[in-house]
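I opened a new page for this chain. I will go from strands to sheet, then to cores and rings.

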Amino acid sequence: MRVLPISFCALLVAITAYGCASASDPEAEGTSSSSAEELSSAAVTNDLPVGTVLEATTDVNLRTGPATSDRVLRVVPTGARVTVVASKPQNGFRKVDYAGTTGWTFGAYYVKPGTSTILFPIQNRAVVDPPSTWSQDQGVDIATVGAACGSRAVLVAVADGTIVREGISGFGPAAPVLHVEGGPLNGRYIYYGHALPARVPVGAHVKRGEAIADVGCGIVGESSGPHLEIGISAPGGPTCCPGVHQTSGEMMSLLLAAYHAK
Ligand SMILES: [Zn+2]
């Protein structure tokens, strides 16, 4: 599946629309050594003081050790809070206490309560399929309820920045690329695949929350139907686009935090 980025994307969207397993399942944390390594650059895997409270952004396993081969003690449900009991993470896993049970859990699926680095790209949550249906390839695929598109599914800038490009092969003729200016993601590029039309021209400076495009109606790019694929460049990487699973775990973590933020 990793060598078929675009066409697999379309297939995956078709599948997830019917509720198949996805990357936010508890079993998906650290499913390969590369995913743990790629996430090690994200802020969520930094050392944290013992006693720090974190909130789960999805259902995630609590294990006996810092690896997916370690036994699952229980599942920490979405929105539950855990307390950090060891400052240093290992292999992307944190040692935490959850309701009296101490174990290891994958750090990328936690945020500090009430914080979100990016704004969620679709502000009308009513048209967003739930996180359990999202899937990762180069970016994160998010389908809409009832194939909502156009003015019913407006895409906003997830951070302040400049639209530096519109139109990406495989993602449609108007798919925008946002250059982030300021904040923790300063200098990174975020693409919005399968968007149509764009609502601002190339070169536009946009504020976090400003409408920049719509989820395209029909088939836009290599796609099976209306959805957003949103992804982020590697630090120092090209404008577009990252490799399959290169940064998708980081994007998923950012999106989950944003989705659950008030
Ligand atoms: Zn995709």
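I began with strand β1 (residues 53–56), which pairs with β4 in the antiparallel sense over 3 bridges. Strands here are DSSP runs of E, at least two residues long, and helices are runs of H or I, at least four, both numbered from the N terminus. Two strands count as paired if DSSP finds at least two bridges between them. I noted that this is a predicted model, where local features need pLDDT of at least 70, side-chain atom pairs count only at pLDDT 80 or more, and totals for chains, interfaces and linings use all residues. Residues are numbered from 1 along each chain as its sequence is written, and side-chain values use heavy atoms, with hydrogens and water left out.

Next I looked for partners. Val53 has Thr83 in β4 as its bridge partner. Strand β5 (residues 93–98) runs antiparallel to β4, and 2 bridges join them. There, Thr83 has Asp97 as its bridge partner.

Which side chains of β4 (residues 81–84) are buried? Val82 and Val84 are, and they point to one face. Buried means under 20% relative accessible area, exposed over 50%, and partly exposed in between, with a 1.4 Å probe and protein chains only.

**The whole chain**

I then stepped back. The chain has 3 helices and 17 strands. Of its 262 residues, 53% are buried. I counted a contact when heavy atoms lie within 4.5 Å. Among contacts between residues at least 6 apart in sequence, 66% join residues at least 24 apart.

**The sheet**

I traced an open sheet of 7 strands in the order β8-β9-β17-β13-β12-β11-β15, with antiparallel pairing. Its edge strands are β8 and β15 (205–206), each pairing on one side only. Inside the sheet, β13 and β17 (residues 227–232) pair antiparallel over 4 bridges. Tyr192 stands opposite Ile230 in β17. Helix α3 packs on the sheet and touches β8, β9 (140–143) and β17. The direction of α3 makes about 115 degrees with that of β17; axes are lines fitted to C-alpha atoms, for helices over the stretch in contact, with angles from 0 to 180 degrees between N-to-C directions.

**The cores**

I used "nonpolar core" for a set of buried Ala, Val, Leu, Ile, Met, Phe, Trp, Tyr and Cys residues joined through side-chain atoms within 4.5 Å. The largest has 55 residues. Val76, Phe120, Trp134, Tyr192, Ile230 and Leu255 have the most contacts inside it. α3 gives the most to this core, with 7 residues. I checked Leu255: its contacts include Phe120, Trp134 and Ile230. A second, separate core of 7 residues includes Phe171, Ala175, Tyr191 and Cys240.

**The rings**

I found 6 aromatic pairs. Rings of Phe, Tyr and Trp (its six-membered ring) pair if their centres lie within 6.5 Å; planes under 30 degrees apart are stacked, over 60 edge-to-face, and the rest tilted. Phe120 and Tyr259 have ring centres 5.4 Å apart and planes at 70 degrees, so they are edge-to-face. They are 139 residues apart: Phe120 is in the loop between β7 (110–111) and β8 (135–136), Tyr259 in helix α3 (residues 248–260). Phe120 counts as buried, at 1% relative accessibility. Phe171 and Tyr191 form a tilted pair, 5.3 Å centre to centre with 40 degrees between the planes. Last, I noted that ring pairs link Phe93, Phe106 and Tyr109 into a cluster.

Note on methods. Lists of a residue's contacts leave out its neighbours within four places in sequence.
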